[in-house]
Every structure is written in C-alpha cells, then in structure tokens.
Amino acid sequence: MKSYREIRLRPGKEASLQRYHPWVFSGAIARRPEDPVEGETVRVLSSDGTFLGVGHFQTGSIAVRILSFHDEPVDAAFYERSLTGARKMRQTLNLIRPDNTIFRLVHGEGDFLPGLIVDMYGDTAVIQAHSAGIHRDLALITEALKQTLPSGTLKHIFYKPEGTLPCRADILPDNCYLSGGDGVSGIAVENGLNFRIDWLKGQKTGFFIDQRENRALLERYARGRRVLNMFCYTGGFSVYALRGGAAGVESVDSSSKAISVTDGNVALNFGDEPRHSSCSEDAFKFLKQLAGGEKELIILDPPAFAKHRGAVGNALQGYKKLNHLALEKIAPGGLLFTFSCSQVITAEQFRLAVFSAAAISGRKVRILHRLAQPADHPVNIYHPEGEYLKGLVLRVE
Ligand code: SAH
C-alpha cells in the first residue's frame, strides 16, 4: 500500500475526528512533514499515534480534509467506489430520468468527498475543486467519473476551478474541458423544463440546482397569480411559475446578462410568451418603486449576504430590509417565497430577521413551509456546516 506522510495532532485534538467531523484545523497539529506539498494525501494520527483518518493537506485554517476514517489508499478504486455510491444515491432519489438530466452528483462533505463538486447537465459533468487535494487528484477523479457513469451518457467533462481554489502561484489552473468539448448542446432538462446552462461564464457551475424542489413547490401555487421573481438569475422560478399557470411573471435581476439568459429560457420553453416580462434593476430600488398590491406572489432569492461570520450582523439587516419591502408591497392573500443561502446564517437567525420585517410591516403573516436544500445536496450529519440553504413560504394577509 502507498505510504502517506503523517500528521500528528496535539493531545486532546482527536475528539472531533472521532466524531467523524472531516476537518482538521491548523491549530490542532503538533507535527507535520517539514515540506508539505499543497494537496498531498496524509495520514492523521492522534498524539499517542492512533490512526484517525486519511485526507488532503492544505495550507490554511482547515489544514486537512478527511476523505476516509479507514486506513486505506485514496486511489482510483477509492474514487470509483465513492462516485458509484454518489450515483446510486441519486438513482434512489429518482433524479436521473429522461425528463430530469440536471442534478448534483457530488456535494463535497455531504458525499464524504470534501472539496469536490460535480454537477450533471445532460451529457456534461462540471467539476469544481474547492481544495488543492481535489485539484491534485483530478485525473483520478475524471477517470473514476467515466467508469461510474453508464457509457454514452457522459460526453463532456468541464473543469471549473476559477474562484474556488486558493490563489497561489503553484495552483492557478484554468477552466477547461478535460474531455469532449466539441458539439456541446448546453441545454439540459429539470422536471421536464429546458434550461440553457452556461458553465463557461455563469455563476457557480452555471445553474442553481439547489432550488429545484422549491421551484416545484412554487409551481403548485402559481396558478392565476401575478408573480414577481426577484434575483431571477437564469429564470428558474419564472419558468416554473409560467408552467404552473401564473397570470403574469416579472423577472428582475441587477445583471442584464442574467435577464437575457432568463428571457432565453422562457423562450426555450414557451416561445413568445406574453405573460412574461423582465427588467434589469437593483432589487431594493425596484421594490421601493413597486405599487402596493400589484404582485400576489414574490420570490426573494438573493446572493449570500454574509460570506463569513464577521458579516452576519449586516447581512441580517439586509435580509430584514429586503423582506420588509416585499411584505409591505405584496397583495393581501399573497405568498412570499423568501430565501437565504448564507452558510454562516442559521435557519433561526433568518426566521428572526423575517419576523422583525413582518412586525414592522404590521401585516398578519403565517409560515406555510420551511424550505431547505434538496437531497442531492445532502448534509453529512457529522458536518453541520454543510447546511446552507433555508427558506420560508409566508402567507400575508
Ligand atoms: N433565484 C436564482 C438564483 C439567484 S442568484 C435561481 O433560482 O437560479 C443571485 C442573483 O442575484 C444573481 O443573478 C445576481 O446577479 C443577482 N443580484 C445580486 N445583487 C442584486 C441586487 N442588488 N438586485 C438585484 N439582483 C441582484
């Protein structure tokens, strides 16, 4: 078996690993190789030399990301087993269907593969590396992916490390196709609806797959309503609302690029659709100018207002202000779908921010649904940090 170099922890620092939390913080380390390579696979031992786990080393606050709590090699067979497990899980969720070719195949720690994201868009896999170790193991992962997915179903593999890897001179890879790349259609299907996905230039891997179930719920409530989709990005919620029979849908995003993508996705499904309109505008400005009672269903799905703990206070103020504007303007009997994707904000903190907004508006507000990320974005129970998306559906009198 391949021999990995060792990292020894300080006394008492083994407890979190014994509870299967997959991170080793740099402060927990007593001894490590003198010249560690970014992303190298290491064996982690307790202060008395007991084996704890195998993982990827990286300079920074999270020094090791554990891939296995067994003393085993992280090799081609390891990745094949892991990816097969991930694929089978998505099959049992019934997410791999002719009318649903968009799903997340690997969700980092939630699939016991810290640092690795793999999103599927039809016959294209988009890989993101959030750690140096995943970047180093890319060839193994790519090969495992080809072995794992039934032949003919995977034609293109696009690697998108941009913005997710630490910027160091020795790791500055470019976005590129690792396989295929010619004749890519870019169109994939979610619950029977078509979307053009731009993994080359779009945010994240090109699409917010994590809102799939919430979009499906919205479709059930859209009939006959005048819908406002704020922060529409690729227009996911808009397209579902239109299929659900909305009386009208207005899509708003500050990015004009996002608006043209949204318009394109509406046309892809419904052709020239008179019920849809769109507008490139700042959300706060738009809501301030909106006539009261004009919209009967509003979606608020902003970008993460807090990216780190220090920003939580300001972010909560931001959520309160945004939700207050929507609660003030929504028609009586209206529905508000409101979200936060900030990992550092808890569901309880978010609920309290929306509660404060409701109290100022003076409206009668009830919570109909509490929403979260879907099952192809699972949370490893030993890694609660993996929980990030939360939402509420409110009925406003
Ligand atoms: N709801 C989308 C995802 C939203 S991503 C979906 O289901 O796919 C967040 C979007 O908010 C981005 O498209 C970004 O351009 C937009 N945005 C960021 N700040 C904004 C602002 N102040 N006003 C309006 N849109 C904004």
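Me: Let's start with A241. Is A241 buried or exposed?
Reply: A241 counts as buried, because its relative accessibility is 0% and the cut-off for buried is under 20%. Keep in mind that this is a predicted model.

Me: Okay, and where does A241 sit?
Reply: You'll find A241 in helix α6. In space, A241 is 7.5 Å from V227, C-alpha to C-alpha, while the two are 14 residues apart in sequence.

Me: Let's move to F231. What's up with phi there?
Reply: F231 has a positive phi, near 60°, and F231 is a residue other than glycine. Look for F231 in the loop between β14 (226-230) and α6 (236-243).

Me: And is F231 buried or exposed?
Reply: F231 is buried, since its relative accessible area is 19% and buried means under 20%.

Me: What about F112, what does phi look like there?
Reply: F112 isn't a glycine, but its phi is positive, at about 60°. F112 lies in the loop between β7 (102-107) and β8 (116-121).

Me: Buried or exposed, that F112?
Reply: F112 is exposed: its relative accessible area is 54%, and exposed means over 50%.

Me: Switching to the ligand. Which residues come nearest?
Reply: There are 16 residues around the ligand, and R215, D253, D282, A283 and D301 come nearest.

Me: What kinds of residues make up that shell around the ligand?
Reply: The shell divides into 7 nonpolar, 4 polar and 5 charged residues.

Me: Which atoms of D282 is the ligand 2.7 Å from?
Reply: An N or O atom in the D282 side chain is 2.7 Å from a nitrogen atom of the ligand. F231 comes back here too: one of its polar backbone atoms is 3.1 Å from a ligand nitrogen. On the Q203 side chain, an N or O atom is 3.4 Å from an oxygen atom of the ligand.

Me: How much of the ligand does the protein bury?
Reply: The protein buries 88% of the 590 Å² that the ligand exposes when taken alone.

Me: New topic: aromatic rings. How many aromatic pairs are there?
Reply: The count comes to 12 aromatic pairs. One of them is F195 with F207, a tilted pair with 4.9 Å centre to centre and 45° between the planes.

Me: Why does that pair tie together parts of the chain?
Reply: F195 is in strand β13 (residues 193-196) and F207 is in the loop between β13 and α5 (212-221), so the pair ties together parts that are 12 residues apart in sequence. Both F195 and F207 are buried.

Me: And why is Y221 with F337 called edge-to-face?
Reply: The planes of those two rings are at 65°, with the centres 6.3 Å apart, so the Y221 and F337 pair is edge-to-face. The cut-off there is planes over 60 degrees apart. This pair links distant parts of the chain, 116 residues apart, with Y221 in helix α5 and F337 in strand β18 (residues 334-340).

Me: Are they buried or exposed?
Reply: Y221 is partly exposed, with a relative accessible area of 24%. F337 is buried, with 0%.

Me: Which residues do ring pairs link into a cluster?
Reply: That would be Y20, F69 and Y382.

Me: Last one: what domains is the chain divided into?
Reply: Domain 1 is 5-68, domain 2 is 76-191 and domain 3 is 208-396. The centres of domain 1 and domain 3, taken over C-alpha atoms, are separated by 40 Å.

Notes. Residues numbered from 1 in each chain as written. Predicted model: local features only at pLDDT ≥ 70, side-chain atom pairs only at ≥ 80, totals over all residues. Heavy atoms only, no water. Near = heavy atom within 4 Å. Polar contact = N/O pair within 3.5 Å; in protein donor to acceptor, adjacent residues only side chain to side chain. Areas by Shrake-Rupley, 256 points an atom, 1.4 Å probe, with all protein chains shown as cover. Nonpolar A, V, L, I, M, F, W, Y, C, P; charged D, E, K, R; others polar. Domains from an automatic or database assignment. Phe/Tyr/Trp six-rings, centres within 6.5 Å; stacked < 30°, edge-to-face > 60°. Helix = DSSP H or I, 4+ residues; strand = E, 2+ residues; numbered from the N terminus. Buried < 20%, exposed > 50% of the residue type's maximum accessible area, 1.4 Å probe, protein only.
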